[in-house]
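Please read them with the structure open.

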Amino acid sequence: MTDPATAAAGRRRPLLLPRSEQLFLCLVLAYVAVIGLWPLLRLFSETFTSVPGQPLALLQDVWSSRSLQRALGNTIVASAGATLFATVIGSAMALVIGITDLPGKSLAVFVFLLPLLIPPQITAMAWTEFTGSNSLILNLLHLAPAPGSANPLYSGYGIMLVMGIEHAAIVFLTVRASLRAVPRDLIEAARLAGAGPKHITRKIILPVLRPAILSGAALAFVSAIGNFGVPALLGIPGRYPMLTTLIYQQLNGFGPTVLGSVSAVSLLLVALAAIGLGMKALLAAGPATIERGAELQPFPLGGWLLILLPLLWLWLGISAAMPLLSLLVTSFLPAVGVPLTAASATLDNYRFVLLNDASTQRAFVNSFALAAAAGVVSALIALPLGYFLALRRSRLARLIDLLADAPYAVPGIVLAIGVILVFLPPLPVLHVSLYGTIWIILIAYLARSLPLALRPTIAAFEQLDRALDEAGQIAGAGLLKRMWRILMPSVAPSLAAGAILVFMIAFTELTVSALLWSSGHETLGVVVFMLHGEGNTTGAAALAVLMITVITGLALVMSAVSRWLPKGVVPWQA
Amino acid sequence: MASVIATDLGKSFGQHQALSHINLVAGSGEFIALLGPSGCGKTTLLRLLAGFERPDHGSIELGEILVAGRGIYLPPEKRNIGMVFQSYALWPHMTVAENVGFALSVRGMPGAERRKRVAEALELVGLSAYAARRPAQLSGGQRQRVALARCLAMRPPVILLDEPLANLDAHLRETMQHEFRRLNRELGSTFIYVTHDHAEAMSLADRVLVMSGGEVQQLAAPVTLYREPATRMVAEFIGGSMVLPVRLRRPLDELHVEAEVERQLCRLRGTMQESEAFASFRPKDLELLTGTAPVEPGTVSPARVLDVIYRGGSYITLVRPESADAPLLRIATDSPPRIGDTIAFRIRDGWILPPERPL
Amino acid sequence: MRILLATFCAALLSGLTAIGSAQASDLLVYTSQPSDQMAEVIKAFNAAHPDIKVNLFRSGTTEVMNKLQAEFAAGAPQADVIMIADVVAATQLKKDGRLYAYQDAPVADLPKALIDPDHTFFGTKMITTGIVYNTSLVKTAPTSWNDLLAPEAAKSVIMPSPLYSGAAAIHVGTVVQDAAFGWGYFEKLATEGASAGKGNGTVIDAVARGDKAYGIVVEYMAYNAKAKGSPVDFAFPKEGASIVSQPVAILKTAKNLEAAKAFVEWQLSRAAQELSVHQGYFPIFSDMTPPAGYPAVGSLKILDADGETLLKNDAATKKKFADLFGG
């Protein structure tokens, strides 16, 4: 056994890095600073400099306004509700998938994770179709609300519901990953002591999972307060303002003259996010299982199967399948409000989107290239950063990690404006402005992608035997060589998982693209939003269906090759 | 030429002082064992030699080169040493041949020569047939040997081994111990071998560095450690000695002193010091007397038999002497007494522990 | 595996560079007109001017203005021509000195009300805002703006928010200026439970879907939806409709002045107006036939609005509206 004192000490103490490695880390720091921090700092400097000589004047003004306080209250309430909902649903699902022998797990998890792949505004759109008085499905079930009455989703509760379902996927992934790391011996020891499955779940598995559950909840909370798509589609008609829609409205209504006060509101969002992330760091730091044993065997369900299985699929049906079905129905309508019949069904929307609209075709190509680039670059940056964080415990790396989270916590709109302010003037040496090019969109994507790619990478490194890297050092390999020949192959599956996650989010992204796109550089999320805003809901639905089809196709391909991939790469591989 | 020189090494982790005042000089080709209980610092010392930690003070020279201390710090990849890790640390995505040849490819050795060296290394450990396998397909013992071959391919002057046999079963352990001795002699590389198993250290090493609490207890050949332990810790750790308080009376010659132990007079090895001292005794240094023949008072001590343990060929009798607060004693016997009997024992030999060094 | 990764990265990089390489832009237009319509506009424009390539940024008026202001703030405006919904925004730009005065524009046949006296911007449309209603839910068509104030009706009314839509900003500003209505009109709507969506698109969507019975919306969206089969119809209130003229203007910093002028001229020509009619807009020439089913241009009653007043009160109007309807 390695000397436990040394092992424990080695894990606690940061090792002093040789100068070459410090240089490497500094490069990573520079990347994070330029891409993510600088735009934010530039934007926040607007807040404090807008009233000369009175740096806090604007903050006081904005933070005491009634509309802000209402939006703040709504944001906290709705996000808390959504987080609670997401945590319960996501953890329950992770448990059901992780410790029971339920059949059809892969499919169930895939359906459960669909909200991750679908952009929030499309989800909101689909839900409004599903619950409106016009809904085909609800009318069939005689559950539709009376015509002319408000859509029940246009309310704080509607926001909680849709956001909760959307973010349950995040909680699920976090908890599931932690569940995978629970070694079999723990459970077997409990069974020998006479404990049954429910007892084991309550007394052993849940406590061990507590850090992951809290971590997932914190992530869900941060996502909720920064969510724009759902509050935009459900909150605005429902007269339920939230901080993100408040920012969007102020920008839209009053123009960049309010950049200062917009960033004052953003500071509030950042503060909330910081609280959320801080709590995550505090509460979620539990005793990590250092021992790596065999993976735990699932409990047989026996008679419970007859109850659990239909319940599960009923929930999946309502939460995921029905809204998508409604969206599909809408895409075949000639106009909103026309009932779907054999005679009225039309392919015009698809024809328009695929053939007649040059901007949509460009958007497919643009989004694909941007999302792929963001995924690859983020994974490549996550590799050394994760290494220094997990294996070398470098203090500098921890600082970079904290800074990298910043652009992710701030709403996309705010980041976009910061990026414009910074990158509109020509770059110093190259004398070329990135504004109006596709590169500026890529920069904003990269700023928000790094945390996504970093989490699975860190998890993989934490599980890696440090001796593998040390043996490489003994063999004489410097950092770059070890990174390329030893470390990357060892964590490649998690890197790939991170890259794919980034791809899926970036492919359908809206909030950042909305302000940064320019002629010829549309992205898919923007096109859907615009079509919807122009009143062409049926066209938007058709495009949304196509986007979902592409993503689902990619996901199915991943599933097909998952047999050759290590466990955990494909998130829905049970 | 001295192969490894560690001078006054010290290392702490936060409040915990892991090593202090460590001095070691290993000659070229020597087999040194670092021995001690968990937490004694032996692994920390090994990691300092490897370069995974930096010493707080002191210096390390490998060959003639200063690698740590006095402002210098050479990272592990530049020290040209080999290391066998406890977990073997074989790279799972590479074949056995790729694992063994990695260090050579890092140094830019051309393919043909590299393959030759890899083949030689594999042959040295008897795994030539497994070159194309992956670590996951090998047994524990085979992985152990691949880890060794990986070191040997580099032909380093110093090889560090971190409890390499801890995860193997007893029979395999013995085989591998022979292998290590053989390779040490054949290759002429200095071996620094960390273990907590004293029998292993005694059978393998030329000299053993016994450590406890981050400090050196004794650095000596196994025989010396066994017969003349420098401290109480060494005495108890190696060979399971019993340490008893003794009253020294007078020197008998250069090597022996008369002493009073357990109310009997006996002759002990060692040098005269203060009259109150400690001595270490092994089970075979004590003799069990069962006969009823009369004996002179002051030459034997009475005791009660508590237990008799069979050791495969001979017995250990556990007795409690009748003097107050005497510790339990273990006596080697061929014909065991009955449990509960009162017996007498005579002290035939013992070693007077040198006085405790002031800290 | 690593070779594969390296090749993939290289391919991606070259792909991105190809996409990102600066496209030679002859004319850059920022507009709030719907993109499918703009596709037709550009096509028709190119029929007359095949050598001018037109590139587009299309979004809601206020988003277009934001983008412009951000570009001004950073000192590098990109657009050559802007064509946005309302005269308020254009007046603001004129006051800031951003617009080019096109003195020789062909404005002889055009209504004076649509032309800026200093020739910095020119109206291209006559878009009216009236009442759309769902024909399955509403049996008697509304005839007056005040019909929406009835308690049963008000809670099923949706209107566009001036914070998102330039046309809505004009409409609210116009109605508020009218002595017969003033802010009291909107205050009553708010208390009775009317809601404000985002742009005109959300209004037509909600009414067509049946979520709301009544909507305040621009006429072409209602008529277009009706033509496609949505159960909606449009009514011009007897007090009059507010007008949005969708002015076109050239920026002083335009890189391609000649092309910009050609675009403005074309917008003010009969050919462009014929296309507008085809797209469901009223033509600006009173002697042209409007789209089928639309009243004659001459018969329209218009609510008067003073441009300067609209501009002066713009920010206050938006703020008060936001406060009333929950921001």
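1. A nonpolar core here is a set of buried Ala, Val, Leu, Ile, Met, Phe, Trp, Tyr and Cys residues joined through C-beta atoms within 7 Å. A residue is buried if 20 or more other C-beta atoms lie within 10 Å of its own, exposed if 12 or fewer, and partly exposed in between, with C-beta atoms placed from the backbone. The model is predicted: local features need pLDDT of at least 70 and side-chain atom pairs count only at pLDDT 80 or more, while totals for chains, interfaces and linings use all residues. Residues are numbered from 1 along each chain as its sequence is written, and chains are lettered from A and ligands numbered from 1 in the order in which they are written.

2. The largest nonpolar core holds 287 residues, and the members that touch the most others are Ala444(A), Ala544(A), Ile192(B) and Tyr193(B). Helix α16 (residues 358–390) of chain A gives the largest share of this core, 18 residues. Helices (H or I, at least four residues) and strands (E, at least two) are DSSP runs, numbered from the N terminus.

3. A second, separate core has 96 residues, among them Ile127(C), Val264(C), Phe282(C) and Phe321(C).

4. Beyond its neighbours within four places in sequence, Ala544(A) is in contact with Ile122(A), Met125(A), Leu327(A) and Val528(A). Contact means that the C-beta atoms of two residues, placed from the backbone, lie within 7 Å.

5. In chain C, helix α4 (residues 87–95) has these buried residues: Val87(C), Val88(C), Ala89(C), Ala90(C), Thr91(C) and Leu93(C). They pack against α3 (61–73), β4 (121–123), α6 (166–177), β11 (247–250), α12 (307–312) and α13 (314–324) of chain C. After α4(C) comes Gly97(C), with a positive phi near 75°.

6. Which chains share the most contacts? Of the two pairs in contact, chains A and C do. Chain B and chain C do not touch, and their nearest C-alpha atoms are 11 Å apart.

7. The contact between chains B and A takes 29 residues from chain B and 25 residues from chain A. On the chain B side, β2 (16–27), α1 (42–50), β7 (82–84) and α2 (96–106) give two or more residues each, with the largest share, four residues, coming from α1(B). That side divides into 15 nonpolar, ten polar and four charged residues. Ala, Val, Leu, Ile, Met, Phe, Trp, Tyr, Cys and Pro count as nonpolar, Asp, Glu, Lys and Arg as charged, and the others, Gly among them, as polar.
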